[in-house]
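The following note sets out several points for a colleague who has the structure at hand. It concerns a predicted model.

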Amino acid sequence: MIKIAPSILSADFSCLKEQIQQIEKGGAKYVHIDVMDGMFVPNITMGPVVIESIRKHTDLVFDVHLMIEEPERYIKEFAEAGADIITVHVEATKDIRGCIEKIKSFKKRAGVSIKPATPVSAIKDILGELDMVLVMSVEPGFGGQKYIDSADEKLRELKELMPAGTDISVDGGIKLDNIDRVIKNGANTVVAGSAVFGAENIEEQTRLFVDLANKIEAQCV
């Protein structure tokens with residue numbers, strides 16, 4: 001099953017609870033939560049307090065993407081705040097295996113992300129230890145960017161390499177008119193930010209993404 005994971009980076013934080021409930025009604029199973037520290041990426045977003053505050057309002061899977069330096073420092077806090085999946089960047093830590101082990105010690109699913117310039121070979125040795133790999137199809141830090149074509153080859157490579165049951169996620173520049181390419185190349189978790197939360201009717205837009213993803217998946221079988 002293809003999971004649509006709307007990214008609240010593009011949501012209106014003055015009515016965040018309501019907008020999360022709208023994507024849930026639209027059929028999303030995940031909500032993607034981008035955490036930025038102003039160091040690993042040139043932007044600052046939210047911390048565990050925000051995640052904890054919205055956790056009580058939804059049963060959606062919290063897909064927490066840590067775009068922060070030395071993420072091992074804060075894994076415990078995000079796990080306790082309500083994250084279900086915690087994804088760290090291989091470029092942000094000197095101890096990627098330690099991060100994976102720490103995430104799993106809190107009974108959370110462990111993911112690793114790679115930036116556009118980072119090859120799949122950088123994480124090849126740890127693929128068997130992961131629950132998810134997140135391919136960044138834009139430079140991390142800001143929403144609304146254009147999809148970088150080189151992500152296609154990474155998705156295809158991961159599809160060949162990943163053990164069965166491991167999710168392949170893609171994040172950045174994905175819209176209704178290009179979601180087919182990422183699914184056909186191997187992604188089964190699709191992050192969409194401004195393409196969902198920038199719509200006039202967020203619930204209906206989410207439903208369009210979910211229905212289209214299901215249709216594309218059926219064609220790929």
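1. In helix 5, which spans residues 151–161, the buried positions are Ala151, Asp152, Lys154, Leu155 and Leu158. These residues lie on the same side of helix 5, because the arc they cover around the axis is only 165°. An α-helix has 3.6 residues a turn, so residues three or four places apart point the same way.

2. Is Asp167 buried or exposed? Its relative accessibility is 5%, and Asp167 therefore counts as buried.

3. The side chain of Asp167 has two polar contacts to report here. One is with the side chain of Lys3, at 3.0 Å; another is with the side chain of Arg109, at 2.5 Å.

4. For Ile33, with residues up to four places away in sequence not counted, the contacts are Ile8, Met46, Ile51, Ile54, Phe62, Asp63, Val64 and His65.

5. The largest pocket has a volume of about 290 Å³. Its lining consists of 16 residues, and nearest its centre lie Lys159, Ile183, Gly186, Ala187 and Asn188. Helix 6 and helix 8 are the elements that give two or more residues to this lining.

6. How many cavities of 30 Å³ or more does the model contain? The count comes to 1, and the space in the largest cavity is about 230 Å³. This cavity is lined by 25 residues, with Phe142, Gly143, Gly144, Asp171 and Gly172 closest to its centre. At least two lining residues come from each of strand 2 (30–36), strand 8 (189–192) and helix 7 (194–197).

Technical notes: Residues are numbered from 1 along each chain as its sequence is written. This is a predicted model: local features need pLDDT of at least 70, side-chain atom pairs count only at pLDDT 80 or more; totals for chains, interfaces and linings use all residues. Side-chain values use heavy atoms; hydrogens and water are left out. Buried means under 20% relative accessible area, exposed over 50%, partly exposed in between (1.4 Å probe, protein chains only). A polar contact is a pair of N or O atoms within 3.5 Å; within protein, one must be able to donate a hydrogen and the other to accept it, and residues adjacent in sequence count only if both atoms are side-chain atoms. Contact means heavy atoms within 4.5 Å. Helices (H or I, at least four residues) and strands (E, at least two) are DSSP runs, numbered from the N terminus. The arc is that of the directions from the helix axis to the C-beta atoms. On a 1 Å grid over the protein atoms alone, a cavity is a set of points where a 1.4 Å probe fits but cannot get out, and a pocket is an open set with protein on both sides within 12 Å along at least five of seven lines; lining residues have an atom within 4 Å of a point. Grid points are joined across faces, edges and corners, and a volume is the space filled by probe spheres set on the points.
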